[in-house]
Structures are given as structure tokens and as C-alpha cells.
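I opened my notebook to look at this one piece by piece.

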Amino acid sequence: MTEKIQTGHVMHSSHIRKDKSQIVINIITYILVTIFCIMCIMPFWMIVASSFATEDSVRRSGFTLWPTEVSTYSYELLFRSPDQMIGAYIVTICLTLAGTLVGLFIIAMTGYALQRKDFPLRNGIMFYIYFTSLFSAGLVPFYLLIVQYLNLRDSYFAILLPLLMSPWLIVLMKNFVKAIPHEITESGKIDGAGDFRIFYSLILPNLKPALATIGLFLALSYWNEWYYSSLFLTTKVEYRPLQYHLYNVINKVASLKNSVAGSNVVITDLPGETLKMATAVVATGPIILLYPFVQKYFVAGLTVGAVKG
Amino acid sequence: MQNTAQQKVVNYRKPSVGRTLVQNRTLIFMCLPAILFFFVFSYLPMPGAYIAFTNFQYNKGIFASPFVGLKNFQFLFSSGQLGLLLKNTVLYNLAFIILGNILQLAFAIMLNEVASKGYKKTAQSIMFLPYFISDVLVSLLVYNLINYDFGFISHLVRNLGGEMPKVYQNAGAWPFIIVLVHLWKSTGYGTVVYFAAITGMDSSMMEAAQIDGANAWQRIRYITLPTLKPTVIILFLFAIGGILKGNFGLFYNLVGNNSMLFKTTDIIETYVYRSMMNSFNFSQSSAVGLFQSVVGFFIVLGANAFVKHLDPDYALF
């Protein structure tokens, strides 16, 4: 679909190159968009640069675009006792893999069943699912359910389960499945295959772009997870998911700062400004490196699911 | 709706409930994990909203705690707490929605006017990047820029001879910071959505306008914008439907438990979270949450009715 539109569009752009107002718009665009793009990248660069600065230079001249004194000390410090970081990586990778695979399978199955026009319960079930995004009991009853009734405090299941699916992802999947010709299901029926068999052997192989897009949305929510961890994992848990680990590293210092900030004390020996930055680089690096390869799937997902809910 | 023929067949047979269930057992089984999921995590907590009408005692559980009627709500109203939370939540969301949409639309239209395919793609990819990172990292990025002692901007201001305020103690600065950070994080996402809507437009009108000698401004003014209008209005209405829902991750990571900033930064979600996790005030916390859910629900219904009135195809239900 996009191919067709883009070729059509290239034609029209070449037509209008002579137009003066077009040149003005192009200049404005290049300037503004480029500035915004730089603003999008610069903070990441600042973190990387700061992580390679010496603690002393940061104290003297703050975080800079280029470290005045280059040092790998914060990384050495980080890898001297890598237990926490390695543990966090393992926890996050396991949660991401398990959650994405299980969630994706359930979402695909549900999405397929709910778009089958010969399924009389589809509207009812869709409403049952959709209603949860319109009305919720709020955080407190949910919290008490997990902690008091399901006894999942300090369990990784308290993070794995709530993130498995969302009404939005199911709707998105439904829209993707709609694009698969209905004849495939019909032909499966004629061959005598059951509904699950049709889904598993005929529909799933045709759903690869959808699985990639929705799988990436799921994986991202697991990889970036810190919220449920902050609710349900207490200090008893030795290894925290990556972003929650980062959250703790950042806020250990920040809470100290807040507590003395009121009294206007200048703190000169705050521990590990550069260590925080190095932790951030190690915790977030992989997703940034993967980003160029996966972003097109996100764009595809937005195009399918954004407006038509 | 579209398949009236099929529906007629179904109606004609009028199968019994039992037969419907048996005939569709596989499809029902395929939906069962999701049904169970939403039952446990969304429907099961609903009766627990009763806690908002009790003086909750942890060891007694929700339903054995003493009933206090509307006392929790009365306190929240009369102390002005709820008013402040509502004001902050709504005003921030309005700023996000209005400024965000203007920026996203502008970027999408501008990108569409650029001829270079490579630039379009690269720009979209880069603008989309901030959406990918967790709010935890966002808070560190902000800290890196504006913290008083080491921040990049703080040093820049000082080197230029200015005086940098201590932003982490200055509540007045945070509406600007939070709105800027939110725009930074969400502009790429929205630009991609609008850009997709523009490229999906019928290009024949554009070409006709060019032949008639319309310049770029005129084409944007009389073709692109009017074509986008329905999309903009619908996205806007749905955004208004969620006006009581705050972006917890962003606010909590940027502000945290820094009480000096609460006056201008505390939204419903952060209050609910803090009063539960830090002060263990489950009843008041859930009273605020319930208020948000109920009022929010009616706002969504209103927004949806409005959308349905404009274009039934886009309505949620």
C-alpha cells in the first residue's frame, strides 16, 4: 500500500520543484525538522559523553557535549561488581521473551477469532474486552488484588502477567487479520480443518508483519518496565528488571539531594554522577542499537491502528 | 453491520444458546485466555472500588473495613486536594493535546513537502526515537540538562553570565519543563500518524491544483488541511475523552517525591500512587481513583457520542 502511494508522491514532488513557495517551505522544513532531530538525539549523546567523563570534571564544569577528561572509570566500577547488572539483564530478557511469546500468541488467537464474521459472540466478547479500557476500578483495588488475594508480591509474575495484553493491541491485531482474505478460512473449512487448525497453520504464517509489529510493542513494554516492579517488588527481591534497577540507581542519589536541597547545602561529594550515566548506557544501549532495525515495524503498526480504533 | 446477509442467516436459524456455544466451542476456547485475563486483572478488582467508602484497615481486608459513606470524598473536596489535582491534570492534558497536535501536524505537513525520500525516512526514524525509551531514562536526560550543579544548560547559562535558578526547588518552572519533555517524547509518534494520513490522501486533487497554478501555501491551506480535518477532529475528541488520565510515568520520574514541586506538578495518578505507596492511605487514594474513573467514563462516552455524530465509522462503539 505504502509503495504505491510513495511512487505517486515522488511524481508530484518533482512537478512542484519550480514553485517559489515550495522552496521557502523546503528551507523552513529542513531547518526546523533538522533542529528537532538534533534535539532528539543530543540528550542520548550527552549521556554517553558524560559516562566517559571523570567525576572531577563533571563537578567542575558539569556535563558537557564532549568529555574534557576521558575516563572509563565508571564502567570499570560498574563491571567490578556486575552481579546486579547481569541479574537485571537476565530477569529482563526472560520477562521480555516469555511475555512477548505468550502475549503474542494469545493476542493473535483472540484477534483472529474476533474478526471471524461467522462467530456470533464476537461483538459481545469485543465489548467485554474493550470496556476495560473505558472503566477501571483504579490502582488501589488492583494493587490489593495482586498483593492480598493473588499473593504475588515479590513475584516476577506480578510483572509478567499484567503486561501480557491490552485492548488496544487486540484491536490492532484484529485490524491486521482483517486484511487476510476470508477465502483462506473458507478453504480451510472445506478441507475439514478445525478453527484452531485454520488459525495455526493457515492464518499465523500470513500474519508475520502483524506479529512483528505487535511483538515489538509487547517487547518494548517489557523491556522498559519499571512501574509494576516499583509497585510489587520490594527490597527482598535480589534482581530487579533493568529499568527499575536504573530507577533505583538514579533515585538513590536524587532522594539524598532532595532531602538536603531545602537547607541550601552544596553537596560536593555526591557519589557516582558518571556511574549513573554509565548504568543508563548499559541498561538502555541494546534497545537504542536495535532501534534502526525495528522502527519500520512500529511505523507500520501506527499506520494500521492509529486512527481506526 | 456490513454482513447483514450473514446475520440474517444466523437470525433465521435462531439457534439456542447451548447450540451456539457448542458450535463455536473452538473459537470460544481461543478467546478464553484473553477473557480470563481481563476478568482477573480488570473485572475482579471492580468490586474493590468499595474501599473508597471505607476506612480501610489492611489486616481486615476490603469488605470487613468499617463503612464511612462519602467521608473520604468529602475530605478530598473540602481540603481542596481534589480540585488541585483535577486542575493540574486537565491543564497539562490540554497543553499536551493542543500544542502536541499543532506540532505534529506542522511537522507532518512539512515533511510531506520535502522531495527527498531519504530525508523523510531518516527524519521520521529519528523523531520517533524518544518514544522508545523508558521514562526512567527520560528523567536522567532531563537531570543531565537542567540540574543546578552539573547540568549542561545550567553551565551554559552561567558561562553566558546568567543566573540559573535551582529548578528542582522551583515549582513555577515545571509546567514548562514537563510540557517540553512531553512534546519531545510524543511529537515523533504523532507526526508519523499524521504523515501516514497525508500519504494516504488522494493525490489527484493535488495534481489538479498544481496544474491550476496553486502554490505550496495554497495547496496546504485548501487541500491538505481540509483533507486532514476529520482525522484531526477525531483524534482530538478521543484525546479529550482521556483528559482525566495523566501520564504517570513521565510525571513520577521527573518529579518523584520532591514535595516542593507538588503544587504545580501533582496529577491524579501521582497522588494516588504516593498516598498508597508512601502514606498507606488506601481509602483516600482509591476515592481519588474512583472519582477519576467514573467522571472519565462519562467524558469518554460524551466524546464518543460526538464522534459518532460526526462520522459513525470512527466511533468506538
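**Ground rules.** I am reading a predicted model, where local features need pLDDT of at least 70, side-chain atom pairs count only at pLDDT 80 or more, and totals for chains, interfaces and linings use all residues. Residues are numbered from 1 along each chain as its sequence is written, while chains are lettered from A and ligands numbered from 1 in the order in which they are written.

**Chain B overall.** I found 15 helices and zero strands in chain B; both are DSSP runs numbered from the N terminus, helices being H or I with at least four residues and strands E with at least two. Chain B has a radius of gyration of 25 Å, well over the 20 Å that the globule rule gives for 317 residues, so chain B is more spread out than a compact globule. (The radius is taken over C-alpha atoms, and the rule is 2.2 Å times the number of residues to the power 0.38.) Along its principal axes, the C-alpha trace of chain B spans about 80 × 75 × 35 Å.

**A helix pair.** Next I looked at H6 (residues 117-128) and H9 (residues 174-199) of chain B, whose axes come within 7 Å and cross at roughly 140°. Axes here are lines fitted to C-alpha atoms, for helices over the stretch in contact, with angles from 0 to 180 degrees between N-to-C directions. H6(B) and H9(B) are therefore oblique to each other (under 35 degrees is roughly parallel, over 145 roughly antiparallel, 65 to 115 roughly perpendicular, the rest oblique). From H6(B), B:Gln124, B:Met127 and B:Phe128 meet residues of H9(B), including B:Tyr189, B:Val192 and B:Phe195. Contact means C-beta atoms, placed from the backbone, within 7 Å. (Ala, Val, Leu, Ile, Met, Phe, Trp, Tyr, Cys and Pro count as nonpolar, Asp, Glu, Lys and Arg as charged, and the others, Gly among them, as polar.)

**Domains of chain A.** The domain assignment gives chain A a domain 1 (2-81 + 272-305) and a domain 2 (83-232); such bounds come from an automatic or database assignment. In chain A, 11 residues of domain 1 are in contact with 13 residues of domain 2. Helix H15 (residues 273-305) of chain A gives the largest share of the domain 1 side, nine residues.

**Between the chains.** Which residue numbers make the contact? 90 come from chain B and 99 from chain A. On the chain B side, helix H3 (residues 25-43) gives the most, with 12 residues. I sorted that side by class: 57 nonpolar, 30 polar and three charged residues.

Technical notes
Contact = placed C-beta atoms within 7 Å.
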